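Subject: Structure handover

Hello,

Here is the structure I promised to pass on. Please look through it first; my notes follow below.

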Amino acid sequence: MPGWQLGLLSRPFVRFLGRRLAALVLLGIGITFVAFVLTELVPGDPAAANLGQRAIADPAAVQAFREHYGLDKPLPVQYAVYLEHLVTGDLGQSEQSHRPVRSDLSEFVPATAELAVTSILIAFVLGISLGILSAVRRNRLTDQVLRVISLGGISMPTFWLALVALYVFFFKLGWVPGSGRLDPGVLPAPHVTGLYTIDALLAGQFDVFVSAAQHLILPAGVLAAYNVGLLTRFTRSAVLEVINNDYVQAARAKGLPERTVVLRHVLRAALPPIITVGGLAFANVMTGTVLVESIFGWPGIGQYAFHSATTLDLPAIMGVSLFVAVVYIVVNFLVDILYGVVDPRIRVA
Amino acid sequence: MSSALLSVEGLQVRLPTTAGLVTVVDGVDFEVERGQVFGLAGESGSGKTISVLALLGLLPDGAQVEGTAMFEGKDLLRLGRRSLLDIRGREIGMVFQDPQTSLHPMMTIERQLTEHVRYHLGLNHAQARARAMELLAEVRIPDPAGALGAYPHQFSGGMRQRIAIAIALACRPRLLIADEPTTALDVTVQAGILRLLDGLRRQSGLSVIMITHDLGVMSSIADWLTVMYAGRVVESGPTPEVLSRPRHPYTAALLAALPHPEAVEDTPLISISGTPPSPQARPGGCAFHPRCAYAVDACKTDVPDLLEVGDRRRLACPVDPLMVPA
Amino acid sequence: MSAQPLPLRFAGVFSRRPGTLGSAWRQPLAIAGMVLAGAWIAIAILVPLIAPYNPLTQSSQLVLAPSASHLFGTDELGRDVFSRVLWASRLSLPLAFFLVAMAVLIGGVLGGLAGYFGGWVDEVVMRATDLVFAFPTIILAMAVTAALGPSLRNAVLAVLVVFWPSYARVVRGLVMSLGQSDYVSAARLLGASSRRALVVDVLPNVAGPVLVLATLDLGNAVLLLAGLSFLGLGAQPPTPEWGSMVNTGTQYFERWWMGTFPGFAILSVVLAFNFLGDSLRDALDPRSSWAVQR
């Protein structure tokens, strides 16, 4: 029968992706609207805040500012102007640095990307393994201990964990270096990705790699703590949902060893809900970076957001929020794709 | 008796529950001959599924098993883990009741057909794939090549069950255990599955343990019929014999409860009063006595033994009220 | 004969019955949660009687390490950390309860309406929840608080904005599935009015999952408020709040007592609510998998 195949390039799947993409775009427009509404809510005159003391006295500058942002036009037009700016990448100007927010962001994004990716990798590897272990040893001592630990993980304020970890592992034990991404005096490898570890490996500069990795480990670990707890719990319940299903029993009846049954059949079936947590995990990491980067002196967008928040640099705050939200919905879209890859039943829906 | 493919003696299974260990299977004996379709009938709670799961070592942790199950010279109940893995799928195959849930929803048909074949028989990718195509053709799946790349949810219930049968028979086992294979399917599809099983059996000398509560299915395909109630065998014999001349009151009651297609209008439906006991709450003596029309005092206290009552029939009822003189 | 044949998983159900080690786990968890939560609630109520010092009183005893007279030491303005930690519970706990209650109310009503009426009501509510979910929690809360002006009141509003959609979704889903369920249809067939069906049949079933989510959200509320205060967007000085105290602690890194104890307080409160929420979930449905996590 032709048309059987439900492979990855099949029509149903492509249509599924198309729908998801459309939803992504709509959502993107929606969040710009939210950001716009929030900027409108800010009390006070944006010109005064943005231009600083001297410029405010100059009527020409104020007028130019007003025109650029369409401040003297009705609201819907202002929104259109706002959107227009966004499309060209203009996120306004930071009140602190007096640079375009966009430049600030592009400077800080690679550092956070390195941190986020490492943290998520740690969280998934550790979380899924512990979750499987916990499910397979259900209700025995290992499971009890892991459940308490994972509960602890999701109950901990990340900023507090960062403080304590830094104090213990750096200040008292000296196991890891303190702030920054590299030891003082060490220069990063030639810029390819902006991720110091990758760039160092690409350039073959292993001493730089080691230094970067050493600085990475504590912040990435702290950021991963919440997600490890989350993933352990999710994996555990996903595996438990599946482990008594008939097809698992049928796999055993085929004479496959238990390890194959668990790792191939059970995990495969439990994967879809675990994957959907991936999006959430990303959001948690983003949340964490805002709280934690400044503690570790990590020059990323989290630290940028933190400083913007404490100094009430509104364009910067809005710019970061918008940026992170856009990345988040793209990540969710990728998660959706992955979900369709793993679970063929979705491809028809 | 040693010519039997499978010889089970004194099988007892106790499962862990909140109230401690509960005896689910309470001393079961039967033999399955080569090339035979062996029917195991009974309601839920009778222990028929647990009995066969015990044979394959698929019981939950904490289960206790006693007795012997001789299969090809090996006692299945005493095998170590490695040997059990060799038996499962390769010498004994199993088909489960609901093909909707017994096939992995996220693996292709090819994968599900070939993974154990490659594991047990060491075939390479191409050989395994060829084998899979053969199997699908045997179970009459149209377009085997296309079906290999498809997923279970793309097939109808009947086709899924055929695929499940193909999977169970992939390594050419000597014994196939089919646990309610047609119960989850439409009546119209059932006949096709039964015909398929019968055909496969005749072709290759396969033995089949057919578990079902449906006596109609039994009559059409089973050579031998064993009836279980509350964890024990109550009657067994050649299927046409048992169904036309039942000797245990339970068997007779089951048959009487079947609606007769040619009955006169308004004939009341007969049912057996009471319900089958749960494993925790089995009555003393003969477990059927509270519902039996022929029970005497001794039935409340004495557990009846399964005895030979001539001409390959076995019966666990000392009262034997339905005995038809020869 | 209509007797259902024994399902394959009959065997599995035996070993999963309550009374085995599984339920033994549940009891210590619930007890620990209740004790801890109870302790904190008691502290929040009794703090004027048990705190040794006024949390706002500055002194010349700056950044002293923990000692007999100052159990948790003093901070950069000479205030007693122990008293401040205790007094902060008066802020975080009632606010957390208030927040969750309001989120349940707003989200539940909106979700219920969406599920019940469907159509454009449903569309509007669903799009709104999508928008909120499009932002990572603290990002949105941060943006809202910053836009409105940093204050505790605005932080509470921001958290509310971020929390209500989960309840809307849950309630909507439950209302929709229950509305189609057989027994509700049966009730309607028997003549019960729609409204009665809603209250008597649907509501009790909705209460369970919502309760579990709410209990877990109590902890999340504390964490989020603390996080916002940590960023300087929530409670303003000199109000004692755990999050802002940890912030000060990061500036006085070697004076570990300034940041550690407030953070520990947050941890213990959130842990208590998570213990409770978990055991509640186990009690309501031992087989249930996951609830909505943030």
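In what order do the eight strands of the open sheet in chain B stand? The order is E6-E7-E8-E3-E9-E10-E12-E11, and the pairing is mixed. The edges are held by strand E6 (92–95) and strand E11 (307–308) of chain B; each has a single partner strand, so one side of each is left without a neighbour in the sheet. E11(B) is joined by two bridges to strand E12 (residues 314–315) of chain B, and the two run antiparallel. Within that pair, B:Glu308 stands opposite B:Arg314 of E12(B). Helix H7 (residues 157–169) of chain B packs on this sheet, where it touches E6 and strand E7 (175–179) of chain B. The direction of H7(B) makes about 165° with that of E6(B).

Before going further, please note that this is a predicted model. For chain A, the average pLDDT is 84, and 92% of the residues score at least 70. Confidence in chain A is lowest in helix H2 (residues 46–56), with a mean of 59, and highest in helix H10 (residues 246–253), at 92. Where pLDDT is low, the predicted coordinates should not be read in detail.

One of the bridge pairs is B:Val13 with B:Val25 in E2(B).

B:Leu5 is placed in the segment before E1 of chain B. Is B:Leu5 buried or exposed? B:Leu5 has 22 other C-beta atoms within 10 Å, and 20 or more is the cut-off, so B:Leu5 is buried. Leaving out residues up to four places away in sequence, B:Leu5 touches B:Val32, B:Glu33, B:Arg34, B:Phe71, B:Arg174, B:Leu175 and B:Ser207. B:Phe71 is 66 residues from B:Leu5 along the chain, yet their C-alpha atoms are separated by 5.9 Å.

Contacts between chains

Between chains B and A, 29 residues of chain B are in contact with 23 residues of chain A. On the chain B side, the elements that give two or more residues are helix H2 (81–87), helix H3 (99–102), helix H4 (109–121) and helix H6 (144–148) of chain B. H4(B) gives the most, with four residues. By type, the residues on this side of chain B divide into 13 nonpolar, 10 polar and six charged.

Chain A also meets chain C. A:Gly30, in helix H1 (residues 11–41) of chain A, is in contact with C:Leu131 and C:Ala134, leaving aside its neighbours within four places in sequence. A:Gly30 counts as partly exposed, with 17 C-beta neighbours inside 10 Å.

Helices of chains A and C

Helix H6 (residues 141–155) of chain A has 15 residues. From first C-alpha to last, H6(A) reaches 21 Å, close to the 21 Å expected at 1.5 Å a residue. Buried residues in H6(A) are A:Leu146, A:Ser150, A:Leu151, A:Gly153, A:Ile154 and A:Ser155.

Chain C has 10 helices and zero strands. Of its 294 residues, 48% count as buried. Among contacts in chain C between residues at least 6 apart in sequence, 69% join residues at least 24 apart.

Backbone points to check

- C:Pro237 and C:Pro238 are joined by a cis peptide bond, with omega about 5°. C:Pro238 lies in the loop between helix H8 (194–230) and helix H9 (242–251) of chain C.
- B:Glu72, in the loop between E4 and E5 of chain B, has a positive phi near 50° and is not a glycine. With 12 C-beta neighbours inside 10 Å, B:Glu72 counts as exposed.
- B:Asp143 is not a glycine either, and its phi is positive at about 55°. B:Asp143 is in the loop between helix H5 (125–138) and H6 of chain B and counts as exposed, with 12 C-beta neighbours inside 10 Å.

Regards

Methods
Residues are numbered from 1 along each chain as its sequence is written. Chains are lettered from A and ligands numbered from 1 in the order in which they are written. This is a predicted model: local features need pLDDT of at least 70, side-chain atom pairs count only at pLDDT 80 or more; totals for chains, interfaces and linings use all residues. Two strands pair if DSSP finds at least two bridges between them. The expected span of a helix is 1.5 Å times one less than its number of residues. Two residues are in contact if their C-beta atoms, placed from the backbone, lie within 7 Å. Axes are lines fitted to C-alpha atoms, for helices over the stretch in contact, and angles run from 0 to 180 degrees between N-to-C directions. Ala, Val, Leu, Ile, Met, Phe, Trp, Tyr, Cys and Pro count as nonpolar, Asp, Glu, Lys and Arg as charged, and the others, Gly among them, as polar. pLDDT is the predictor's confidence in each residue, from 0 to 100.
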